Amino acid sequence: MEQHVRMCVMNEVHEKIRNSLGGKHMIRILMHGCNGKMGQVISGLVAADQETELVAGVDMFDDGHNPYPVFQNIKDCNVEADCVIDFSTAAAVDGLLDYCVEKKLPCVLCTTGLSEELLSKVEEAAKRIAVLKSANMSLGINLLLKLLKDAAAVLAPAGYDMEIVEKHHNQKLDAPSGTALALADAINEQLNHEYGYVYDRSVRREKRPEKEIGISAVRGGTIVGEHDVIFAGVDEVITFSHTAYSRAVFGKGAVQGAKFLAGKPAGKYDMSHVIGASQRGQV
């Protein structure tokens, strides 16, 4: 009964918003992992966004504080949506993909740490539905990936050394970060994969080889995420920097991704597609 009342209230609110937008259809989002930290961040972002509405959530734990219905198992969700945003756990992704394929529902997949078996299942799902997956959901980071390719094309042939320094909080388990590796990969892709990655120079006593990209990791305090990409030449240093001050930057990218993905044909997408659509004024 309580869930039914919440759904009725939300429908009334959404109807009023649609009327204020001249009847324009809002993107209906299903939040998978709605009571996690990122799920709650995205709930707030969607509530403040006039182009989207959060119609339901999925989470094993729920205390009823959300203004939308929450289902403990995605199989039980009977609310129509245009796109799923997933910030859950790797263990929940298998059932999520089954549900999305069955419902023909596009999915913004943000959960990390997926096994090779799950990654293969993502590839299979993308043959039947639209799936958006990126190493980092930040719009800024994904724009930086594009800018780094342009910089590398000019500066690497001119002899500039390239180094990446990433900093994160002291609870982060992996090093270097997936984002740091994505930044290095973007540079290396532009340079025909001719460069090797070096994570530790303490065991070497030699001059820096030309074709390497150094990647260093710092862990401390509550740093959300900082990435510096350094191009060091003779008497000149060019640094590209990105700092995340809160998780909201990743949530904002996920919401933009959902706006982009809704209605798209089956296929594998990433945030570069969202950036490109934004530049064309399509998101």
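**Cysteines**

I looked up the sulfur of Cys107 and found its closest cysteine sulfur in Cys100, 4.3 Å away. The model is a predicted one, and I read the distance from its atoms. A disulfide needs the two sulfur atoms within 2.5 Å, so the sulfurs of Cys107 and Cys100 are too far apart for a bond. I noted that Cys107 is buried, with a relative accessible area of 0%.

I then went to Cys110. Its closest cysteine sulfur belongs to Cys107, at 8.0 Å, and this is also too far for a bond. Cys110 is buried, and I wrote down a relative accessible area of 9%.

**Ser134**

I placed Ser134 in the loop between strand 6, residues 130–132, and helix 5, residues 139–155. Is Ser134 buried or exposed? I have it as buried, because its relative accessible area is 14% and the limit for buried is under 20%.

**Backbone entries**

Before the next items I reminded myself that most residues other than glycine have a negative phi, and most peptide bonds are trans.

I looked for the geometry of the peptide bond from Ala175 to Pro176 and found it cis, with omega near -5 degrees. Pro176 is in the loop between strand 7, residues 161–168, and helix 6, residues 178–190.

I then turned to phi. Lys104 is not a glycine, yet its phi is positive, at about 55 degrees. Where does Lys104 lie? I located it in the loop between helix 3, residues 90–103, and strand 5, residues 107–109. Lys104 is exposed, with a relative accessible area of 54%.

His193 gave me another entry of this kind: a positive phi of about 55 degrees in a residue that is not a glycine. I found His193 in the loop between helix 6 and strand 8, the strand covering residues 196–198. His193 counts as exposed because its relative accessibility is 57% and the cut-off for exposed is over 50%.

Key:
Residues are numbered from 1 along each chain as its sequence is written. This is a predicted model: local features need pLDDT of at least 70, side-chain atom pairs count only at pLDDT 80 or more; totals for chains, interfaces and linings use all residues. Side-chain values use heavy atoms; hydrogens and water are left out. Helices (H or I, at least four residues) and strands (E, at least two) are DSSP runs, numbered from the N terminus. Buried means under 20% relative accessible area, exposed over 50%, partly exposed in between (1.4 Å probe, protein chains only).
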